[in-house]
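Please look at the sequence and the 3D structure below, and keep both in view while you read.

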Amino acid sequence: MKRTLLIPALLDAHWPLLRWAFSSDAWEPVVLEEREGAEHLGLRHLHGDLCYPFTLIAGQVLAALQSGRYDPARTGVLISQAGDACRGSCLIRLLRPVLDRAGFGQVALLSLNVRDLERDAALPVSFSMARRALAAALWGDALMLAARQTRPYEAAPGSTDRLIRVWTETLSADLRENRNLSSAGILRRCRELTADFRAVERVPRPVQKIAVVGDLYTKYCRLGNWDLEQFLERHGCEMAVNGITWHFLYYLDTHLTGPLRRAAKPLLRHIRGLQAGLCRILAEAGFAVLPPYRELKALAVEYSCTGSSLGSGWLLAGEAAGWVRAGYRKVLAALPFGCLPGHIYGRGQYAALQRRLPGSLIVGVDYDASLREGTVESRIRMLLDTELPPAGFR
């Protein structure tokens, strides 16, 4: 009998597909959707010095286990670990005593990382798992980028979301049955789905283009950014967020060392090639997309030190510059409060980026349990309501 693998929220646009990578004879993955009360439940079991994402992750996991839907003896929790100065690298050691005190000592904690951390708790990664994960990540990027550049202009409300559901079912079937997972098959599916989104009937509307950069949890997770996408679209905006494959390549490129790095070089080349193909497909269909990873890293050199790879590091600068050059001149830098690498290597770049990207505006917003929605929304409205001068670059 399979055991249940609980996956805390993180990649909202990708988990419906990525979950199939973790499906096996041993595990049945379940992406957690608990939101109500997760923050307060996490705070009741943790001290206030921990970062906001961990508070939400702990609250979500506890809420799921306390619901009675899962047998603790046959349940595991998948925890991703960055492996750098991020305190998230210690999530398993921090979460273990929380679950023990709450009466869930039987629940297994499994680690997913690229730094060989927590070997005793590492989730075994098979070739089939890696193959499905790569396809799901690229398809998720294509779906997310195309959908967010379609929904603000759709003539029939809901048509974009219906198309997302259709393609999620189609691609889930491919992943479940191990179909279209070759390089040609992955890119063919990307081409088909972008064509479908381009065919959605549109009407011209005055829409502000807003790029969102920053931490993974506050860029991709509704729980972590308090429904930022819905808020921006409700205020007449098109929200641009970079794909997860850029983050994946960033971590592989900057966090692997020694023999592991040398062994991963063929994988890096393979992923870069597929990503470059995805970028061409999106651009040919008329969708804005950042340059492929190597080109984005070369662009980042103009604005940041590529030796700064803790947290969002130089990727934040590369994404901000890339989106501004693509026409998204208003940039929202979203970070969780209490993330020390984020504050130093992320927020520390805002002023320099602003000087080097004239005609743009970068506004930072931090998400934390100590803040209320009005405080965060007023910061975002400052970005939306500011008139920008003509664009120009140095």
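In which crossing, left-handed or right-handed, does helix 11 pass helix 12? Helix 11 passes helix 12 in a left-handed crossing, where left-handed means that the near helix is turned anticlockwise from the far one by less than a right angle, and right-handed that it is turned clockwise. This is a predicted model, in which local features need pLDDT of at least 70 and side-chain atom pairs count only at pLDDT 80 or more, while totals for chains, interfaces and linings use all residues. Residues are numbered from 1 along each chain as its sequence is written, and side-chain values use heavy atoms, with hydrogens and water left out. Helices (H or I, at least four residues) and strands (E, at least two) are DSSP runs, numbered from the N terminus.

**Helix 11 and helix 12**

- The axes of helix 11 (residues 244-255) and helix 12 (residues 258-284) come within 10 Å and cross at roughly 155°; axes are lines fitted to C-alpha atoms, for helices over the stretch in contact, and angles run from 0 to 180 degrees between N-to-C directions.
- Helix 11 and helix 12 are therefore roughly antiparallel to each other, given that angles under 35 degrees count as roughly parallel, over 145 as roughly antiparallel, 65 to 115 as roughly perpendicular and the rest as oblique.
- On the side of helix 11, the residues T245, W246, F248, L249, L252, D253 and T254 meet R261, L267, L268, I271, R272, Q275 and C279 of helix 12.
- Sorted by class, the contact of helix 11 with helix 12 has 8 nonpolar, 3 polar and 3 charged residues, where Ala, Val, Leu, Ile, Met, Phe, Trp, Tyr, Cys and Pro count as nonpolar, Asp, Glu, Lys and Arg as charged, and the others, Gly among them, as polar.

**Helix 7 and helix 12**

- Helix 7 (residues 183-198) packs with helix 12 at an angle of about 20°, and their axes are 10 Å apart.
- Helix 7 and helix 12 are therefore roughly parallel to each other, and helix 7 passes helix 12 in a right-handed crossing.
- In this contact (heavy atoms within 4.5 Å), helix 7 takes part with S183, I186, L187, C190, R191 and T194, and helix 12 with H270, L274, G277, L278, I281 and L282.
- By class, the contact of helix 7 with helix 12 has 7 nonpolar, 4 polar and 1 charged residues.

**Helix 13 and helix 14**

- Helix 13 (residues 293-300) and helix 14 (residues 313-325) pack at an angle of about 95°, with their axes 8 Å apart, which makes helix 13 roughly perpendicular to helix 14.
- Y293, L296, K297, L299 and A300 of helix 13 make this contact with W314, L315, G318, E319, A321, G322 and R325 of helix 14.

- In helix 4 (residues 91-101), the buried residues are L91, I92, L95, V98 and L99, where buried means under 20% relative accessible area, exposed over 50%, and partly exposed in between (1.4 Å probe, protein chains only).
- Seen down the axis of helix 4, its buried residues fall within an arc of 125°, so they line one face of the helix; the arc is that of the directions from the helix axis to the C-beta atoms.
- The face of helix 4 turned away from its buried side carries the exposed residues R93 and R101.
- The partners against which the buried residues of helix 4 pack are helix 2 (38-45), helix 3 (52-66), strand 3 (75-80) and strand 4 (108-112).
- In helix 2, A38, E39, L41 and G42 are the buried residues, and they cover an arc of only 165° around the axis, which puts them on the same side of helix 2.
- On the other side of helix 2, H40 and R44 are exposed, whereas the buried residues of helix 2 pack against helix 3.

**Single residues**

- Q60 lies in helix 3, and at 1% relative accessibility Q60 counts as buried.
- S360 lies in the loop between helix 16 (350-356) and strand 8 (361-367), and S360 is buried, with a relative accessible area of 7%.
- D227, found in the loop between helix 9 (222-225) and helix 10 (228-234), has a positive phi of about 60° although it is not a glycine.
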